[in-house]
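Student: I would like to learn how to read the features of a protein model. Could you take me through this one step by step?

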Amino acid sequence: MTHDFSLPDGYAEWLGDLKERIRAARQRAAFAVNTELLALYWQIGREIADRQETQGWGAKVIERISQDLRIAFPDMTGLSKRNLAYMRAFAVAWPDPEFVQQPAAQIPWAHHQVLLDKFDDAEPRLAYAAAAVEHGWSRSVMSLHIEGRTLERSGRAISNFERTLPPEASDLAREIVKDPYNFEFLGVGREARERDIEQALVDHVTQFLVELGVGFAYVGRQVSLEVGGEDFFIDLLFYHLRLRCYVVIELKAGKFRPEHLGQLNFYLAAVDGEMAHPDDAPTIGILLCQSRNQVVAEYSLRGSMQPLGIAEYQLLASLPSVERLQQELSGPE
């Protein structure tokens, strides 16, 4: 029941601050619980592994440990034979007990199970653990990024970002541009025309944004720009929330050619002059092609003063025509 009385001065501000402190405290409590649970699982797994190695305990002992612990702690979950095996693998995968100081200690146990299933090496496990912490990935989202090799493809595009952007923006720009991009989800073959690919990307914009990565906001396709009384149309336009700039994506079916960059350079200058806010960072251009010559691409970028990246994209392998199949099946005449 609420009472009708006037609120004291400063109450709304105090309440807002109190709510933030409560949220922060709950987050710290959840983090502390997760850290304690991981530390316990690591200790159990380490001791199982040590006894198997030094005292010859066999694999079957894990089943007996599970039975005894579940009798002792009937209300506690996570004591199954399978989970105990994960604990052993967890301790072996992170042999240093100081792992609690790393990003790996900030993700839930279910994330660790995925990482243990997917990777034998520590480096990718740590990289995806750090990315999951940074971007707040759920277990299923992290699994999708692992399957799509998101981190392995990030930062591999040919670009001039180091020369054309400030150091902090340059590093992030290189990180957000993948190579190659995987557009197989579009369901179109390699012979598809540029406009067909563009339309398919817009029709599947949610998956397209997932493939682009964190921070991209879709602005539009064939975005109209009027420059000097003439109309021009940008293939795909995005805004990146962390870089605080527009991102122009030009799509080319086939092999990269140096002249492709002339058009993209013009679009970047036009967006900066006609659309961007004075507080926006310089517009970035990404040219996507089906193939490229590394040396030709690097030389093409040398003279440009605009921030540009060149990356490849992959489509479904083109299916042979019905006529070709019939010829191949019938054999030589």
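Predicted model: local features only at pLDDT ≥ 70, side-chain atom pairs only at ≥ 80, totals over all residues.

Student: How do I describe two packed helices, and at what angle do α2 and α3 cross?

Tutor: Two packed helices are described by the angle between their axes and the distance between the axes. Here α2 (residues 61-72) and α3 (residues 81-93) have axes that come within 9 Å and cross at roughly 115 degrees. Helices are DSSP runs of H or I with at least four residues, strands are runs of E with at least two, and both are numbered from the N terminus. The axes are lines fitted to C-alpha atoms, for helices over the stretch in contact, and angles run from 0 to 180 degrees between N-to-C directions.

Student: Which residues of α2 and α3 meet?

Tutor: From α2 come I62, E63, I65 and S66, and they meet K81, L84 and A85 of α3. Contact means heavy atoms within 4.5 Å. By class, this contact divides into four nonpolar, one polar and two charged residues. Ala, Val, Leu, Ile, Met, Phe, Trp, Tyr, Cys and Pro count as nonpolar, Asp, Glu, Lys and Arg as charged, and the others, Gly among them, as polar.

Student: Which residues of α9 are buried?

Tutor: In α9 (residues 167-176) they are A169, S170, L172, A173 and I176. Their cover includes α8 (161-164), β3 (216-227) and β6 (284-291), among others. For the general idea, an α-helix has 3.6 residues a turn, so residues three or four places apart point the same way.

Student: How many cavities of 30 Å³ or more are there?

Tutor: There is one. On a 1 Å grid over the protein atoms alone, a cavity is a set of points where a 1.4 Å probe fits but cannot get out, and lining residues have an atom within 4 Å of a point. Grid points are joined across faces, edges and corners, and a volume is the space filled by probe spheres set on the points. The largest cavity has a volume of about 40 Å³, and its lining is G155, A157, S159, F161, R174 and V177.

Student: What is there to see in the backbone at P180?

Tutor: The peptide bond from D179 to P180 is cis, with omega near -5 degrees. P180 lies in the loop between α9 and β2. Another backbone detail is R149, whose phi is near 55 degrees, a positive value in a residue other than glycine.

Notes:
Residues numbered from 1 in each chain as written. Heavy atoms only, no water. 1 Å grid on protein atoms, 1.4 Å probe; cavity = no way out; pocket = protein on both sides within 12 Å on 5 of 7 lines; lining within 4 Å. Buried < 20%, exposed > 50% of the residue type's maximum accessible area, 1.4 Å probe, protein only.
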